[in-house]
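Please keep the sequence and the three-dimensional view at hand while reading.

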Amino acid sequence: MPLLKGKYRSKQWVLPRLTVPSEHGGMNGHHTRHTHVTVLGLGPMGRAMTRTLLSAGHPVTVWNRTPGRADALVTAGATRAATPGEAVEAGDLVILSLTDYQAMYDILGTATASLAGRTLVNLSSDTPDRTRAAATWAAGHGAGFLTGGVMVPAPMVGTEAAHVYYSGPVTTLETHRTTLAALGTPKYLGEDPGLAQTMYQAQLTVFLSTLSALMHATAMLGTAGMKARDALPELLTSADATGAILRAGEETPGAALDAGAHPGDLSTVRMMGATSDHIVDTSASLGLDLALPLAVQAHYRQAIENGHGADNWTRIIDSIRKR
């Protein structure tokens with residue numbers, strides 16, 4: 001998963017401390033045992049989570065379509081299940097790290113009788129609507145359900161830099177908070193199971209768009225004979241500075257957007273649009289693919305056509321929101 005190190009301190013992400021039975025058999029903070037966890041899906045993320053949970057002292061049962069992926073984990077102390085049903089029945093908490101949500105149905109379709117009373121934590125990527133449908137499906141089989149989005153790559157799971165967005169019933173998250181915190185700091189968004197998935201996809205939008213921009217810029221500099229090893233350090237400096245620039249421009253980033261205010265005192269749609277024109281022209285003259293620069297240019301041109309050329313560049317959100 002992508003490495004996104006931003007620190008989020010909004011109060012809505014602070015998990016309430018509820019007085020409910022904990023995952024370890026006592027009340028909050030009083031542990032009598034380590035939760036037995038099942039991990040379904042042993043790609044790089046699933047393997048990293050399994051190792052982290054084992055290191056934290058949890059018994060872990062694993063299952064994967066390709067059984068060989070579990071070999072090293074079994075050597076490290078995990079238990080290999082022969083079937084998804086056997087895996088589900090072994091764990092109090094079932095963590096899914098799969099390609100998408102359809103994979104959950106494919107894997108658990110023959111194990112639905114074992115789901116009642118267990119909690120599914122699906123950390124797979126998909127759409128918010130499919131996530132909400134999955135929560136309903138799980139409830140229909142008597143299982144609790146949390147949506148999650150891991151915001152670090154596999155090697156960073158379990159480190160201080162790791163955090164995971166969650167949504168769903170807060171009591172469900174509180175019950176398993178200690179176990180899940182071993183993977184990364186839990187950041188709770190709300191009851192709607194689609195919220196964490198929406199945040200995850202939003203973060204990936206920033207991440208993937210930035211990666212494409214970095215490769216486009218590297219290709220641009222490459223036409224002038226600059227090697228990637230020389231270009232990328234300079235470009236990464238710009239990427240790193242973007243957040244600081246946006247934070248410096250507004251005491252609470254996003255507050256003006258929420259208020260519908262787009263003051264054009266520092267940068268305007270027209271000015272930024274002219275810059276996007278120059279990027280398109282430069283890319284075309286160098287024979288580069290134009291998909292990315294044309295997409296950016298279209299946002300500014302639409303805002304200008306709508307009469308917002310003198311507004312701040314944030315005005316481009318209008319056409320992005322429009323369906």
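The model is predicted. Its chain has 323 residues, of which 41% are buried. The secondary structure consists of 13 helices and 8 strands.

**The chain as a whole**

- Of the contacts in the chain with a separation of 6 or more, 64% are made by residues 24 or more positions apart.

**The sheet**

- An open sheet is formed by 8 strands, in the order E3-E2-E1-E4-E5-E6-E7-E8, and its pairing is mixed.
- At the edges of this sheet are strand E3 (79-80) and strand E8 (185-190), each of which pairs on one side only.
- Strand E4 (residues 93-96) pairs with E5 in the parallel sense, over 4 bridges. Within this pairing, Leu120 of E5 is the bridge partner of Val94.
- Strand E6 (residues 144-150) also pairs with E5 in the parallel sense, over 4 bridges. Here Phe145 in E6 is the bridge partner of Leu120, and Leu146 in E6 stands opposite Val121.
- Between E6 and E7 the sense is antiparallel, with 4 bridges. The bridge partner of Gly148 is Tyr166 in E7.
- Strand E7 (residues 163-167) and E8 run parallel and are joined by 5 bridges. Ser167 stands opposite Gly190 in E8.

**Burial within the strands**

- In a regular strand, side chains alternate between the two faces of the sheet.
- Strand E5 (residues 119-122) has Thr119 and Val121 pointing one way, while Leu120 and Asn122 point the other way. All four of these residues are buried.
- Strand E6 is mostly covered, as 6 of its 7 residues are buried.

**Helices that connect and cover the strands**

- How does the chain pass from E4 to E5? It crosses through helix H4 (residues 101-108), and this β-α-β crossover is right-handed.
- A right-handed β-α-β unit is also made by E5, helix H5 (residues 128-140) and E6.
- Helix H5 packs on the sheet, where it touches E5 and E6. The direction of H5 makes about 150 degrees with that of E6.
- Helix H8 (residues 194-222) lies across E6, E7 and E8, and runs at about 140 degrees to E7.

**Aromatic pairs**

- A pair of aromatic rings is described by the distance of the centres and the angle of the planes.
- The structure holds 2 aromatic pairs. One of them is formed by Tyr105 and Trp137, with 5.2 Å from centre to centre and 80 degrees between the planes, and it is edge-to-face.
- This pair links distant parts of the chain: Tyr105 belongs to helix H4 and Trp137 to helix H5, 32 residues apart.

Note on methods: Residues numbered from 1 in each chain as written. Predicted model: local features only at pLDDT ≥ 70, side-chain atom pairs only at ≥ 80, totals over all residues. Heavy atoms only, no water. Buried < 20%, exposed > 50% of the residue type's maximum accessible area, 1.4 Å probe, protein only. Helix = DSSP H or I, 4+ residues; strand = E, 2+ residues; numbered from the N terminus. Pairing = 2+ DSSP bridges. Right-handed = clockwise from strand over helix to strand, strands pointing away. Contact = heavy atoms within 4.5 Å. Axes fitted to C-alpha atoms, helices over the stretch in contact; angles between N-to-C directions. Phe/Tyr/Trp six-rings, centres within 6.5 Å; stacked < 30°, edge-to-face > 60°.
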